[in-house]
Amino acid sequence: MKPLAFARYAWGLLVYTLGVIVWGAYVRATGSGDGCGQHWPTCQGAILPEIEHVKTIIEFSHRISSGLALLGVILLFFWGRRIFAKDHPAYFGVTFTLWAMIVETLAGGGLVLFQLVAYNDSVARVVIMAVHLLITLTLLGAMALTAYWASGGPPLRIRNQGAVGWALGIAVLAFFTLAASGAVTALADTLFRAPSFWEGVKQDLSPTAHFLVQLRVLHPLIAVSVGIYILLMAGVVSRLRPSPRVRQLGVLLVALFGVQILIGLWNMFSNTPVALQMLHLLSADAVWIAFVLFAAAALASGIQAAEQTEVHQPSPHESGARASVRHYIALTKPRIISLLLFTALAGLFIAAGGWPGWKLFLVVLLGGYASAGAANAINMVIDRDIDAKMERTRGRPTVQNRISSADALKFAFVLAAIAFLVLWWGANLLAATLSLAGLMHYVLIYTLYLKRRSWSNIVIGGAAGAFPPLVGWAAVTGDLNLLAWYLFAIVFFWTPVHFWALALLIKDDYARVGVPMLPVVLGDRVTVIQIALYAVLTAVISIMPLTLGQMGWIYAASAGFLNLVLLAQSLMLYLHPQRPQARRLFFYSMSYLALLFLAMAVDRSVHF
């Protein structure tokens, strides 16, 4: 009964500590951090201060609740070390929790002693507040792990976790970045509260605004970027660590993050009332705790690593660095990437109305390739079981064991990180976020969820290929207007025409491995009808940019000719649904998209 009682106490102490942290947000939001003056740990220089102001009551109550939390952690420490053996993970957990609490307490005291409270708007306060929040997350993580291990959770296995360790490590950095930006935003909301949401937007965009206000605008985009990565990471890790607990905690993590985003939007559009600020912080802490438990379950000893199971007998490795580089390049599927990359660069030229400059050109080229290559590498690992049975894909390096799945995933996550950082540094955060969104959509929506479940996989999942022109556009403008969304729509409606023509050619491969592509599920006749319908939709959407008055005769003539050929090819396939005609449409569809975007780029360069 002692471990059970301890576990209940540990969970209860975690909940109490969350309450203390949320009350601390109230202290900050109301400007009551100087309610006890420049004294710590005493209040107004006394153990029991004279209450002259409401601020003193608020700050002193926070001191009392924090002190009780510290005493609670000290009890947790001695109790845990008494009932658990030294090799039990909870023994480490209570020690880690005590040290985190001590550092957290000292950081809070430092804010008071150096007068970095109330309405102080210095850089030092920004830095210390961000660090303080990161220490708080560390404390909550330590307490959650202690309670988890005391409740019977298995110990961690840190070594040989491959890309799962990398993915979770990147997630920790992403959470810390989001938390730091949240601390800055919360401080800006306290010190520079606007009378309304739209007045706040004007403040954010003003070049003369305080640096805290100018930084505030980054937090929503960082939150969206981190949310996209959490979706991607949770999906991949749940697939690579096939455990019911991992899957359940992954679903909980994603659901809580979704709620957190909604609360954040509510908080922002409501002009950040104090109650919503507190709820926003509480939900953020809940998301972090869910992630810590998800990571602990994924890294637990005894769970089989799915990426380490072989789907094919190892073939002799080619020797030499050249062969190894070639195989890593093959992971990125460079031939498939080439068309995606072309639409991204075309979007760059279309937005700029001509040459965008070498910096943006190279940034989008490198970032776009790295992002698409990362998505393709992850796809090769996830689909290696069916790739081994398909004629078209059985030579892939993950199938032939030229590159291990663990190394392929490490390579993919490094590429994804490079893509995001390059696009953020060289262009802007919106372009980086859109690139990450495309990667997530391809891996999570298409590969992990739809590909093996529904014939509509390529319709919904194919939207991943429509993100590159948005990335190119956003890299120039920093926003997305109607023309940019037309570029997205053109690729979106073109994708079924292109891919279903290919599916007609390799439907036997898909049938062999049980992938429900449209020709396999509903037959050739339904497929060619769908291709014709999507060809008509593609033609209509491709004409829509002309209605904006931003295109001239070069694009009009080119789009008209290209669409006539596309519709003619689709009609011929409808009349003669045979492999030669499907092959002709498949190859023409690639030329169609490239030439259409090229015509738009040339036209904008001439008439912009």
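Predicted model: local features only at pLDDT ≥ 70, side-chain atom pairs only at ≥ 80, totals over all residues.
**Exercise 1.** State how many residues of helix α18 are buried, and name them.

*Solution.* Begin with the cut-offs: buried means under 20% relative accessible area, exposed means over 50%, and partly exposed lies in between (1.4 Å probe, protein chains only). Helix α18 covers residues 467-477. Of its 11 residues, 9 are buried, so the helix is mostly covered. The buried residues are F467, P468, P469, L470, V471, G472, W473, A474 and A475.

**Exercise 2.** Describe the overall fold by its secondary structure and its radius of gyration.

*Solution.* The protein has 24 helices and 0 strands. Its radius of gyration is 28 Å, close to the 25 Å that the globule rule gives for 608 residues, so the protein is as compact as a globular protein of that length. The radius is taken over C-alpha atoms, and the rule is 2.2 Å times the number of residues to the power 0.38. Along its principal axes the C-alpha trace spans about 90 × 60 × 45 Å. Of the 608 residues, 55% count as buried.

**Exercise 3.** Find the largest nonpolar core and list the contacts of F291.

*Solution.* A nonpolar core is a set of buried Ala, Val, Leu, Ile, Met, Phe, Trp, Tyr and Cys residues joined through side-chain atoms within 4.5 Å. The largest one has 178 residues, and M233, F291 and V443 have the most contacts inside it. Helix α19 (residues 482-505) gives the largest share of this core, 16 residues. Contact means heavy atoms within 4.5 Å. Leaving out residues up to four places away in sequence, F291 touches L168, A171, V172, F175, M233 and L253.

**Exercise 4.** Is M600 buried or exposed, and which residues does it touch?

*Solution.* M600 is found in helix α24 (residues 579-607). M600 is buried, with a relative accessible area of 0%. Again leaving out residues up to four places away in sequence, M600 touches I350, L487, I490, P545, M551 and Y555.

Note on methods. Residues numbered from 1 in each chain as written. Heavy atoms only, no water. Helix = DSSP H or I, 4+ residues; strand = E, 2+ residues; numbered from the N terminus.
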